[in-house]
Amino acid sequence: MAEDSREQGHETLSNLLHETRRFPPPAELAADANVGEDAYAAAEADRLGFWEEQAARLHWDTPWNQVLEWNPPYAKWFTGGRINAAVNCLDRHVDAGRGDRVAYHWEGEPGDTRTITYAQLKDMVCQASNALLELGVAKGDRVAIYMPMIPETVVAMLACARIGAVHMVVFGGFSVDALGTRLDDSQAKVVVTADGGYRRGKASALKPAVDDAVRDRPAVEHVLVVRRTGQDVAWDEGRDVWWHDAVDRQSTEHTPEAHDAEHPLYIMYTSGTTAKPKGILHTTGGYLTQVSYTHWAVFDLKADTDVFWTAADIGWVTGHSYIVYGPLSNGATSVMYEGTPDTPHQGRFWEIVQKYGVTIAYMAPTAIRTFMKWGEEIPARFDLSSLRVLGSVGEPINPEAYMWYRKNIGGDRVPVVDTWWQTETGAVMVSPMPGVSAAKPGAAMRPLPGIVVDVVDDQGEPVPNGGGGFIVVREPWPSMLRGIWGDPERYEKTYWSRFDGLYFPGDGAKRDEDGDIWLLGRVDDVMLVSGHNISTTEVESALVAHPKVAEAAVVGATDPVTGQAIVCFVILRGEAGDGGDDLVKELRDHVGASLGPIAKPRQIMVVQELPKTRSGKIMRRLLRDVAENRQLGDVSTLTDSTVMDAISAKLPDSRGED
Ligand code: ATP
Ligand code: MG
């Protein structure tokens, strides 16, 4: 089992994949880049001074008197400072005469659209703030937001931030149970929801799940309901309130209060890829500082001209940081999209890029691999020439997926930034900068200025170049989590007990010969094969590099001979057919030839779908459960439970070839 392999694995992660392709920044972008090489040196010379400079990009009502108070593992940033996140996202821009700038081009699933300026968004947020106050929400109270991807979701979040309530967004696709446990955890007083939302062109209901979830949860005093689909809903007079009744009649004036820099801003649950989701707490000043800085630096944002699009759901941290707080704090124009990549057709994303002239697009490798599967003819039909920076987040991006993205979406001219971070880190930590780094396909390259990240071995010693091990963070950073809501023990145990004094994210990594950082997947997913620690990511990347493979998930399953053996699940590209024994042999040989005989899989299964979290990550732990014939673990964040049935049904007869 994975746990044993971690204890037994005394050697560090094998470094099997070799990559020689390099993509230096385009000259034009580099000449005018927001961040140059000098930022790294400045931050290294005075890390806290560097973060003070970034904090000063924001509006503070009262300046801080201390940059950092560090009582490991508890950090406070910018103590004594007072700041309002919503004011930084809205009022500041309106007051500076930029109220007419578009904050969001919202693209609804059935094809409806809305254009919302900063001035309009500010008015909406003030009205919602007044409404929440009227419903009895006070500073520090928790408000659950269980919504489709509509502008009111952002309005509700910023209204909470404005009045000092703590928002807890729960992904709109989650079940009653998932919503219920999060309500228990947070003791939310109000739930903001909608009658329903649109998914793949059809209306689906949301309110019934809320009704079920709040039935035995008296802590919830009110349910505030946006009318989105117009479908019939059950109604509890006294508890339920329509948004258009409660919010629209409010004044657009609301005088904001400045909150302490460490005042809680939100709780966000992790994706649940490796275990039961953790309720991560973020606070105001440090979070906003790093989110705002990274959005500006990593994407080289020019707020006057760029159109920025994070193609993710607000129900996970990428949406919080790079649909809401990053872009708005920088006064940027964003696209917000309610729907899926294939509704009504598989070119939907590229149609949106073309329609709004998107200049910066940020999405997950899972989406990119899906586009690979659909074929390059689809994006080729659209004009993508407005793009100038592309980003990837959520999982390691396989080198071939990176190359496909760069070529077919970026026209072989646009830099791709692979950004490593977590719900816990709040903002990007490791990434190339588009105007500085010569990017390598699949590498997150190096920590951002002001971030001190290292790769260490089992004993916590830094690995030399060419070595593999664990990624760690050596120094506190402004947007770091302040804890797990209601569970301080789990906070210390999960992140701070593995290595003395180091933050442990739980991901494997390596340094290449140049010292650049590559992420190699979850530590829980590392396989121990005949005494070698092998990363699932490297085997997956080797498989995806085969022209017939679109996507792969790899796990280590107990094996009497080798300790663990490599078991692979692959999805083929559109034109590759259904596989067959010849293809399986070809793929096994291909992995052996790319990574060495040690990494040759025991078994390869061709499947139609892989189990994924709602945020699009492969849940290898479930595949391992199946491969080892165990009962499935926590599936509460799984997108589609029938996927596992289909895979289990297929497994027995494809077992045990040579
Ligand atoms: P849980 O913690 O509940 O298991 P999760 O880790 O998937 O879920 P998130 O916070 O959404 O929850 O994801 C963060 C993780 O995603 C990182 O720890 C890392 O494993 C992976 N990740 C994110 N971006 C990258 C990237 N650019 N390269 C490699 N891995 C990435
Ligand atoms: Mg995690």
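This is a predicted model: local features need pLDDT of at least 70, side-chain atom pairs count only at pLDDT 80 or more; totals for chains, interfaces and linings use all residues.
The shell around ligand 1 holds 21 residues, of which Thr270, Gly272, Thr273, Thr274 and Thr423 come nearest. By residue class, this shell divides into five nonpolar, nine polar and seven charged residues. A polar side-chain atom of Thr270 lies 2.6 Å from an oxygen atom of ligand 1. For Thr273, an N or O atom of the side chain is 2.4 Å from an oxygen atom of the ligand. At Thr419 a polar backbone atom takes part, at 2.7 Å from a nitrogen atom of ligand 1. Taken alone, ligand 1 exposes 630 Å², and the protein buries 97% of that area.

Attention now turns to the sheets. Strands of a sheet pair through backbone hydrogen bonds, in either a parallel or an antiparallel manner. One open sheet in the model has eight strands, in the order β12-β11-β8-β6-β7-β14-β15-β23, and its pairing is mixed. Which strands stand at the edges of this sheet? They are β12 (240-242) and β23 (483-484); each has a single partner strand, so one side of each is left without a neighbour in the sheet. At the β12 end, β11 (residues 222-226) runs parallel to β12, and three bridges join the two. Within this pair, Leu224 has Val241 of β12 as its bridge partner.

A second pairing of interest involves β29 and β30. Strand β29 (residues 563-572) and β30 run parallel and are joined by four bridges. Cys568 stands opposite Ile604 of β30. Together with helix α20 (residues 581-595), the two strands make a β-α-β unit, and this unit is right-handed. The side chains of β30 (residues 603-606) are worth a look in the viewer: Gln603 and Met605 point one way from the strand, while Ile604 and Val606 point the other way. Are these four residues buried or exposed? All of them are buried, on either side of the strand.

For Arg200, phi is near 50 degrees, and the residue sits in the loop between β9 (196-199) and β10 (202-205). Arg200 is partly exposed, with a relative accessible area of 43%. For Ser530, phi is near 45 degrees, and its place is in the loop between β26 (527-529) and β27 (532-534). Ser530 is also partly exposed, at a relative accessible area of 41%.

How values were computed: Residues are numbered from 1 along each chain as its sequence is written. Chains are lettered from A and ligands numbered from 1 in the order in which they are written. Side-chain values use heavy atoms; hydrogens and water are left out. Buried means under 20% relative accessible area, exposed over 50%, partly exposed in between (1.4 Å probe, protein chains only). Two strands pair if DSSP finds at least two bridges between them. A crossover is right-handed if, with the strands pointing away from the viewer, the path from the first strand over the helix to the second runs clockwise. A residue is near a molecule or strand if one of its heavy atoms lies within 4 Å of it. A polar contact is a pair of N or O atoms within 3.5 Å; within protein, one must be able to donate a hydrogen and the other to accept it, and residues adjacent in sequence count only if both atoms are side-chain atoms. Accessible areas come from the Shrake-Rupley method with a 1.4 Å probe; for residues, only the protein chains shown count as cover. Ala, Val, Leu, Ile, Met, Phe, Trp, Tyr, Cys and Pro count as nonpolar, Asp, Glu, Lys and Arg as charged, and the others, Gly among them, as polar.
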